[in-house]
Amino acid sequence: MMVAFPLAYKENLREPIYKQKSDFFIVLAPSDEIVILTKDMPWLKLNGPKAIGDDISQIDYQAKNNTRLPRRAQPVEIKVNGKTYEIKFIQQSGYLVQDEMVRVLNSPLNLDFLVAITYIASLIKKIPVPPIKLIAVIVAALAIVALSIAISLVRRAFINVPEPNPLSVDTNDVPINIFPGFSVPHVLPLKNIAAEDQTIALQTVKELYWLIKQVE
């Protein structure tokens, strides 16, 4: 049984317990008496056996992240001392994790912020002088950005709040909307930025969008 996001697990280990870059299993036989009969699969790769002691060998294997339903590899056949054995590989589903991440990133603008933006925009629209109105829009936009940065910094002040990066950037072909009606495929989420920070940034962009939309 393999975890859904083996690549993310290894990348996010700040202090690796071991330097092994892949998972492995042990075969109690010399490496020259072991033959892997099954070819690599699209999501699972096996390396050749290597001796780690007298009559003990190690076979490394690497699985790709799984953002969909559980998957099973066809039984992997290895021949040991002329006898064939089958090994079954099952990988957990990562669908619910990825679906929730995409849902959060694609959340519409928070209702409280939308009401506040609408109110600010209504005040700006009452300004009769265009240059002063433009300055007011710029000031309001800078205030929104500053507030978002403050929220992000306040979150970091709480030691026990986790700041995980996305386990995978595969969104199962669901685009992330930057603002209503606009998305750039295969750009978001970003791999090395905490998912919460990306959510705050997207909410900020939507706030600016609705501010400009309301003032027009």
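**Exercise 1. Which helix is Leu105 found in, and is Leu105 buried or exposed?**

A quick note before we start: this is a predicted model, where local features need pLDDT of at least 70, side-chain atom pairs count only at pLDDT 80 or more, and totals for chains, interfaces and linings use all residues. Residues are numbered from 1 along each chain as its sequence is written, and side-chain values use heavy atoms, leaving out hydrogens and water.

Step 1: Leu105 sits in helix H2 (helices are DSSP runs of H or I with at least four residues, strands are E runs of at least two, numbered from the N terminus).

Step 2: Leu105 counts as buried because its relative accessibility is 3% (buried is under 20% relative accessible area, exposed over 50%, partly exposed in between, with a 1.4 Å probe and protein chains only).

Step 3: Setting aside residues up to four places away in sequence, Leu105 touches, among others, Pro189, Gln198 and Leu202 (contact means heavy atoms within 4.5 Å).

**Exercise 2. Find what the buried residues of H5 pack against.**

Step 1: Locate H5, which covers residues 195-215.

Step 2: Pick out its buried residues, including Ile200, Leu202 and Leu211.

Step 3: Look around them: they pack against helices H2 (95-105), H3 (111-125) and H4 (130-157), plus strand S10 (177-179).

**Exercise 3. Which residues of H3 and H5 meet?**

Step 1: On the H3 side, take Phe113, Leu114, Ile117, Thr118, Ile120, Ala121, Ile124 and Lys125.

Step 2: Their partners in H5 are Glu207, Trp210, Leu211, Gln214 and Val215.

Technical notes: The expected span of a helix is 1.5 Å times one less than its number of residues.
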